[in-house]
Amino acid sequence: MARGKALDDNQLTDSMYYILLSLIEPLHGYGIKQKISDLSNGEIEIGPASLYTILKKLATRDLIVLVVEDGERRKTYQISASGRVLLKRDIKRRIRMAEMGKNVLGELQGGSDDGE
Amino acid sequence: MESKVRYLWNWGLAFDENRLLRKLESMAKEGWMLDGMTTLRYRLVKDEPQDLKYAMDYKQVKPEEEAEYFSLFAEEGWKQICSLQGIHFFCANQDAVAIHTDWITEMEKYSGYRQSSFRTMVISAVCFVCVFMLGEINALSFLGRGENWVIVIALAASAAIFTPSLMMVIAYKSYMRKIEAGKN
């Protein structure tokens with residue numbers, strides 16, 4: 001399935017992108033969720049099943065590393081060196097995408113009235 | 001005295017996951033709380049009526065990872081109720097965030113389940129063919145006419161496993177198509 005390969009193509013899915021952004025400092029599960037919520041002013045929420053699946057995927061690809069394990073319960077993760085490289089590239093890609101959209105948005109808004 | 005335990009038959013999650021979850025929610029409003037499950041049925045016990053949200057996840061979690069998996073749910077307000085062969089039931093207050101907020105991980109939930117149904121389907125199909133071939137050979141040589149019922153039962157058993165597993169594979173495929181169509 002092509003969409004399963006997003007990571008192989010060195011692109012991050014949106015949820016992966018948010019999680020990697022939050023992990024530039026060491027955080028455990030709930031911390032990740034809270035930081036993403038803070039960074040997005042409460043707009044982005046990550047459910048626990050999605051969070052667990054994505055953390056396991058990012059760890060398997062060595063994009064994040066386990067920092068401390070306090071007991072068995074809470075695992076703390078942080079972005080790895082290769083995760084940083086990939087994240088930087090992905091941030092830039094997303095900025096380019098947004099710039100493209102911005103140029104067109106100007107035209108869209110300057111043109112007809114579309115109820116905005 | 002009024003009974004404190006009730007059971008709901010498990011008609012196969014593949015066919016009615018959403019209906020089952022909504023049913024559990026309406027039962028919880030009447031004070032019947034999901035408490036445990038077997039392959040055949042769900043057990044509900046009598047408690048105070050509650051306005052709850054139920055969710056089911058399918059994930060094969062290694063024993064050493066279970067604590068992390070369930071604590072992520074607990075931290076977002078989802079309490080684990082029961083688990084069976086990679087199927088996990090949770091409940092939470094109405095304001096809890098959905099357990100899957102990403103269509104890709106949600107698809108993977110069903111593709112994992114579909115794979116295990118697919119394995120069952122292939123194994124039962126192979127059994128069916130093997131038994132059938134054996135029956136053909138036996139009819140010609142060592143088994144007498146009287147022993148044919150053994151073959152018939154074995155054929156019926158493999159067909160009985162094959163048919164629901166095939167239906168499940170199809171049901172999950174359609175779930176996945178729905179998610180893909182509705183992704184945002």
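1. Basis. The model is predicted, so local features need pLDDT of at least 70 and side-chain atom pairs count only at pLDDT 80 or more, while totals for chains, interfaces and linings use all residues. Residues are numbered from 1 along each chain as its sequence is written, chains are lettered from A and ligands numbered from 1 in the order in which they are written, and side-chain values use heavy atoms, with hydrogens and water left out.

2. Extent of the interface. Chain A gives 26 residues to the contact and chain B gives 27 residues (contact means heavy atoms within 4.5 Å). About 2,400 Å² is buried between the two chains, and carbon and sulfur atoms give 56% of that area. Buried area is the accessible area (1.4 Å probe) that two parts lose on being put together, summed over both.

3. A salt bridge is a side-chain nitrogen of Lys or Arg within 4 Å of a carboxyl oxygen of Asp or Glu. A:K33 and B:E76 form a salt bridge at 3.6 Å, N to O. A:K33 lies in helix α2 of chain A and B:E76 in the loop between α2 (66-75) and β5 (79-84) of chain B, so this pair joins two chains. A:K75 forms a salt bridge with B:E65, with the closest N and O atoms 3.7 Å apart. Helices (H or I, at least four residues) and strands (E, at least two) are DSSP runs, numbered from the N terminus.

4. Helix packing in chain A. Helix α1 (residues 14-22) and helix α3 (residues 48-60) of chain A pack at about 75°, with axes 10 Å apart. That makes α1(A) roughly perpendicular to α3(A), a term for angles of 65 to 115 degrees. Axes are lines fitted to C-alpha atoms, for helices over the stretch in contact, and angles run from 0 to 180 degrees between N-to-C directions. From α1(A), A:S15, A:M16, A:I19 and A:L20 meet A:L51, A:I54, A:L55, A:K57 and A:L58 of α3(A).

5. Backbone angles to check. Most residues other than glycine have a negative phi. A:D62 has a positive phi near 60° and is found in the loop between α3 and β2 (64-70) of chain A. B:Q85 has a positive phi near 45° and lies in the loop between β5 and β6 (87-93) of chain B.

Terms used:
Parallel < 35°, antiparallel > 145°, perpendicular 65-115°, else oblique.
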